[in-house]
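Hi,

Here is the structure I promised to send over. Have a look at it first, and then read on for what turned up when I went through it.

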Amino acid sequence: MGNGKTGEKGISTFHLTMLGLGTIVGGSFFLGSGVAIQAAGPSILLSFILGGLLVYIILYALSEMTVADPVPGSFRTYAERSLGRSVGFITGWVYWVGLILAMSSESIAASTFLREWFPSFSEVAMGMLIIVGITLLNLLGADYLSKLESGLAAVKLLAIVGFIVIGLALIAGWIPGTPAAGGGELRNEAWFPGGIAGIAGSMLIVMFSYSGFEVIGLAASEVENPKKTIPRAINMTLISLLALYIAAIAVILMLYPTQGMIADQSPLVLALTRWGMGWAGTLINIVMITAILSTMLASTFGLARMLRSLAAEGHAPAWLKDRHDIPYRGILFSGAAMLLGLAMGYLLPQQVYLFLVSCGGYSLLFSYFIILASHYRWRRVTPCSPEAACQLPGYPYTSWVGLIGMIAIIVSMPFISGQGTGLVVGLGLTALLAGIYWVKERRGRVSAPSSQRPIPAPLTEAAEEITGIRDDRETADEVPDSTTVPKNKKE
């Protein structure tokens, strides 16, 4: 799909991996990781390892459900089937609103950096141009976008690899005229300066640095062969992230003191500039802008498809339904919402970037918790089969670890200044959406016809939906592939 020809699924394993990396590796790592490093000190390495473990659990839980049934809407659809219609509504909108806020903050960061080269442009005008450009590029469709993302993601990954190589050369003393850094600042650092609270306080930004992998699930209905492509893409994505992130953070710790980190400057740039590599710092700044734009491109891809899934289930206005392969209405509506988020960003008081990141971080953590909860319920009634291959090892214990980890990270948000506000806003948003759904259902204002409404999901009815023993309640002609009947039916 996405190339204008109905029924063609052109996203390969490589393109899907690069689309995932394009979403994940963004401003949160290049810029926001400095805040996490300052909070945890050298123990930030442990934070990234713990974050990688949680991502492993979440990714394979999502992959298991996606391979069995690669439906549009991905985790939102699975939540609706496993946990009930209300959870599907809340999950979809929490994710959409939170990611809109996060991408608005990314446009603010990108415009701030670009103004160094274009001082005559105001930050607001620059941010608006960025959002409009990202929106228009998404209108080209999944096929073109995945290829564009492959190129942008390659630039980001090469930049991180380049930073690691230059950093190791500085540490070893291989650069003429520069003394060997050796163990550098790491020799003088306390390994756990903030204790458990420091690690806990860093975990939101760490998880946000890993965030974006859910786009792999949202693109599932547009790939060549979901059963093979998705697991391979997940493996490649996870291995690449763990190796690059941990190596880059280790190099930063040897080159720059953790307590000297500055919230609005990239730790990669600070580390290189401190050792006389100002030219490399400028290059990293250029790459950082590329990273932000790449993240916004891939995130808008996921936002539009989430919105289309919500509209298809009657959770969003009917005029957002789209009959085309490319969800034009969802893309344009999401772009308009990001412009509104940008305006809000400049009206809010200090620490706008961290505030918006915190709001977006809560929505992602909430979504990841729902993915794990949906998978746990799904696995309880769905036996292992060739269609639903059991990829998550250690179930149900790994599921419990993931669920407890998500709760712990959400609870720890106030440990870093500015994140407490994000938690309050996130919880308020969740409660507001729950109230909206209750009022909407009570007054009978669900936009989808009654024949299309999934059955409410008490335990027995949820099991029927998960196992596929249910009536077909959606019309396939309204949205391309709007519903795929689960393949793992119990007879």
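To start with something you can check by eye: is Arg76 buried or exposed? Arg76 counts as buried, because its relative accessibility is 0%. Please keep in mind throughout that this is a predicted model.

**The salt bridges**

Arg76 has a charged partner: Glu80 forms a salt bridge with Arg76, and their closest N and O atoms are 2.6 Å apart. Both residues sit in helix α5, 4 residues apart, which is about one turn of the helix. Glu80 is buried too, at 3% relative accessibility. So here we have a salt bridge with a buried arginine and a buried glutamate.

The pair is also part of something wider. Arg76, Glu80, Arg85, Glu313, Lys440 and Glu441 are linked in a network of salt bridges. Searching the whole structure gives 6 salt bridges.

One is with Arg85, where the N to O distance is 4.0 Å. Glu441 lies in helix α17 (residues 419–442) and Arg85 in helix α6, so this pair ties together parts that are 356 residues apart in sequence. The other is with Lys440, at 3.7 Å from N to O.

Arg85 is buried, at 6% relative accessibility. Lys440 has 14% relative accessibility, and since buried means under 20%, Lys440 counts as buried as well.

**A nonpolar patch on the surface**

Now for the outside. Trp117, Phe118, Phe121, Leu129, Trp279, Leu283 and Ile286 form a nonpolar patch on the surface, and together they have about 740 Å² of accessible area. Helix α13 (residues 278–312) gives the largest share of this patch, with 3 residues.

Phe118 is in the loop between α6 (85–114) and α7 (123–138). At 43% relative accessibility, Phe118 counts as partly exposed.

**How two of the helices pack**

Two packed helices are described by the angle between their axes and the distance between the axes. For α7 and helix α14 (residues 328–347), the axes come within 9 Å and cross at roughly 165 degrees. Angles over 145 degrees count as roughly antiparallel, and therefore α7 and α14 are roughly antiparallel to each other. The crossing of α7 past α14 is right-handed.

- Ser82 is in helix α5 (residues 74–83) and is buried, with a relative accessible area of 1%. Ser82 and Ala373 are 291 residues apart along the chain, and their C-alpha atoms are separated by 8.4 Å.
- Val71 is in the loop between α4 (44–68) and α5, and is buried at 2% relative accessibility.
- Leu145 belongs to helix α8 (residues 142–172) and is buried, at a relative accessible area of 2%. Leu145 and Ala298 are 8.0 Å apart from C-alpha to C-alpha, and 153 residues apart in sequence.
- Val401 is in helix α16 and is partly exposed, with a relative accessible area of 43%. The C-alpha atoms of Val401 and Leu54 are separated by 8.1 Å, and the two are 347 residues apart along the chain.

**One backbone detail**

Which two residues does a cis peptide bond join? Tyr395 and Pro396 are joined that way, with omega at about 5 degrees. Pro396 is in the loop between α15 (352–381) and α16 (397–412).

Cheers

Note on methods:
Residues are numbered from 1 along each chain as its sequence is written. This is a predicted model: local features need pLDDT of at least 70, side-chain atom pairs count only at pLDDT 80 or more; totals for chains, interfaces and linings use all residues. Side-chain values use heavy atoms; hydrogens and water are left out. Patches are made of residues with over 30% relative accessible area and no salt bridge: like charges are joined within 9 Å, nonpolar side chains (Val, Leu, Ile, Met, Phe, Trp, Tyr) within 5 Å. Accessible areas come from the Shrake-Rupley method with a 1.4 Å probe; for residues, only the protein chains shown count as cover. A salt bridge is a side-chain nitrogen of Lys or Arg within 4 Å of a carboxyl oxygen of Asp or Glu. Helices (H or I, at least four residues) and strands (E, at least two) are DSSP runs, numbered from the N terminus. Buried means under 20% relative accessible area, exposed over 50%, partly exposed in between (1.4 Å probe, protein chains only). Axes are lines fitted to C-alpha atoms, for helices over the stretch in contact, and angles run from 0 to 180 degrees between N-to-C directions. Angles under 35 degrees count as roughly parallel, over 145 as roughly antiparallel, 65 to 115 as roughly perpendicular and the rest as oblique. A crossing is left-handed if the near helix is turned anticlockwise from the far one by less than a right angle, and right-handed if clockwise.
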